Amino acid sequence: MDGVLYDSMPNHARAWMRVMTDSGIPAREEEFFLYEGRTGASVINEMIQRTFGRDATEDEKKDLYALKAKHFVAQGGAPVMPFAQEFIQVLRSRGINTVLVTGSGQNSLLSRLDDDYPGAFPATRRITSASVTHGKPHPEPYLKGLELAGVDKDEAIVFDNAPLGTASGHSAGMYTVGIVTGPLHSDELYKTGADFVFNSMEECAKNVSELLDKIEQL
């Protein structure tokens, strides 16, 4: 969702930075692009472990994530990622079932999916932070996506823009395609398991049909 369907990662990074700064937790805004795909609770636990040498309490996870969500919403709606709607339309025109697999539980974006991507990601085909015990890079999110789609791993393709997402798809045993939509380099996606990387969403939308033809021949 974030970084593929919506150009929302800059807003997420700024929201996380405000929470961490207000909580006395040292952080760099760019590091949250590397954490993309993890559940909010996992990010909070990582930061508190690093700073205070202990696990975050359940109250800390709940309260800090609520603050992060508040700061995210306050920035205004994140725009649809340019060319993402065209990309999804190509997939659907080929009869491919699209399943959302996100580490987010951000209702301000989830509630927009039906309007921005009508018919592509109904509630019955969504894996969110509330659906899993282990977030990305663990394979669980994409394995649960397979269950929703009702297909085997060799019948599915992962599209993800984050290193943790390509690691998750790869470890789930699926053909994994990276899409560079933020500040990270394509090498970050290749080295975490991507089989192929598009250097922009525009490139993906214009060339994904050709890639699908090649994958079908594998």
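Predicted model: local features only at pLDDT ≥ 70, side-chain atom pairs only at ≥ 80, totals over all residues.
Let me start with the second largest pocket, which has a volume of about 190 Å³, the volume being the space filled by probe spheres set on grid points that are joined across faces, edges and corners. A pocket here is an open set of points on a 1 Å grid over the protein atoms alone, where a 1.4 Å probe fits and with protein on both sides within 12 Å along at least five of seven lines, and lining residues have an atom within 4 Å of a point. Residues are numbered from 1 along each chain as its sequence is written, and side-chain values use heavy atoms, with hydrogens and water left out.

The lining of this pocket includes Lys61, Tyr65, Ser129 and His134. The elements that give two or more residues to the lining are α3 (40-52) and α4 (58-74), and α3 gives the most, with three residues; helices are DSSP runs of H or I with at least four residues, and strands are runs of E with at least two, numbered from the N terminus.

Turning to helix α5, residues 84-93, its buried residues are Ala84, Phe87, Ile88 and Leu91, where buried means under 20% relative accessible area with a 1.4 Å probe, protein chains only. Why do they lie on the same side of α5? They cover an arc of only 95° around the axis, which puts them on that same side, the arc being that of the directions from the helix axis to the C-beta atoms. These buried residues pack against β3 (157-160), β4 (175-179) and α11 (201-216), with contact meaning heavy atoms within 4.5 Å. After α5 comes Gly95, whose phi is positive, near 80°.

Leaving aside neighbours within four places in sequence, Tyr117 is in contact with residues including Leu5, Ala84 and Ile88.

Definitions and conventions
Buried < 20%, exposed > 50% of the residue type's maximum accessible area, 1.4 Å probe, protein only.
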